[in-house]
Amino acid sequence: MERTLSIVKPDGTEKNVIGEVLGRFEKNGINVIALKMVKLTKEDAEGFYAVHRERPFFGSLTDFMSRGPIVVMALEGENAIAKVREIMGATNPEEAAEGTIRKDFASNIEENTVHGSDSPESAEYEINYFFNALELNGAS
Ligand code: ATP
Ligand code: MG
């Protein structure tokens, strides 16, 4: 069993596809173990995406991630990290496979509807960024 963090980004909550995103994970055997809606400050978004701080799109990305509510969820399942990223599709929706979340809902490479952790280390950092032990222990 593996854990990962996913986010319905501000464009996803604006597009009213929270349930759609969640449903695609659930249908693929991924369990939700913690879930909440929050609105990040610019500083919160900078902390979350700290690994990208040198990238040219960092300012724009953190403006976007703090412009409206997001839904953060800790997920669990077999190969959850890779499976969630497969269900999400490529970062750029123009390159995303048919039937993926980003192919179906993303507007562009930045406003791409959904986030998923990319490694066990980032999953642990990201889950702990949003959820405390009390919230996570409800699952097991
Ligand atoms: P995420 O980490 O959100 O799951 P990802 O792992 O597919 O997405 P990353 O390379 O980690 O992609 O980039 C993080 C996020 O930064 C992307 O999801 C997207 O919102 C934004 N982003 C990535 N590349 C660009 C770009 N060239 N221009 C603008 N925004 C970008
Ligand atoms: Mg990433």
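User: What makes strand E1 and E3 a pair, and in which sense do they run?

Analyst: Two strands pair if DSSP finds at least two bridges between them. Strand E1 (residues 2-8) and E3 are joined by seven bridges, in the antiparallel sense, so by the rule of at least two they pair. One of the contacts you can look up is Thr4, whose bridge partner in E3 is Leu75.

User: Before we go on, what kind of model is this, and how are things numbered?

Analyst: It is a predicted model, where local features need pLDDT of at least 70 and side-chain atom pairs count only at pLDDT 80 or more, while totals for chains, interfaces and linings use all residues. Residues are numbered from 1 along each chain as its sequence is written, chains are lettered from A and ligands numbered from 1 in the order in which they are written, and side-chain values use heavy atoms, with hydrogens and water left out.

User: Which other strand is joined to E3?

Analyst: Strand E2 (residues 31-38) is joined to E3 by seven bridges and runs antiparallel to it. Here Leu35 has Met73 as its bridge partner in E3.

User: Why is strand E3 called mostly covered?

Analyst: Buried means under 20% relative accessible area, exposed over 50%, and partly exposed in between (1.4 Å probe, protein chains only). In E3 (residues 70-77), seven of the eight residues are buried. Across the chain, buried residues make up 49% of the 140.

User: Why does Glu95 count as exposed?

Analyst: Glu95 has 62% relative accessibility, and therefore counts as exposed. Glu95 is found in the loop between helix H5 (80-88) and helix H6 (101-105).

User: How many helices and strands does the chain have, and what counts as one?

Analyst: There are eight helices and four strands. Helices (H or I, at least four residues) and strands (E, at least two) are DSSP runs, numbered from the N terminus. From that end, the order is β-α-α-β-α-α-β-α-α-β-α-α.

User: What makes the chain as compact as a globular protein of its length?

Analyst: Its radius of gyration is 14 Å, close to the 14 Å that the globule rule gives for 140 residues, so the chain is as compact as a globular protein of that length. The radius is taken over C-alpha atoms, and the rule is 2.2 Å times the number of residues to the power 0.38.
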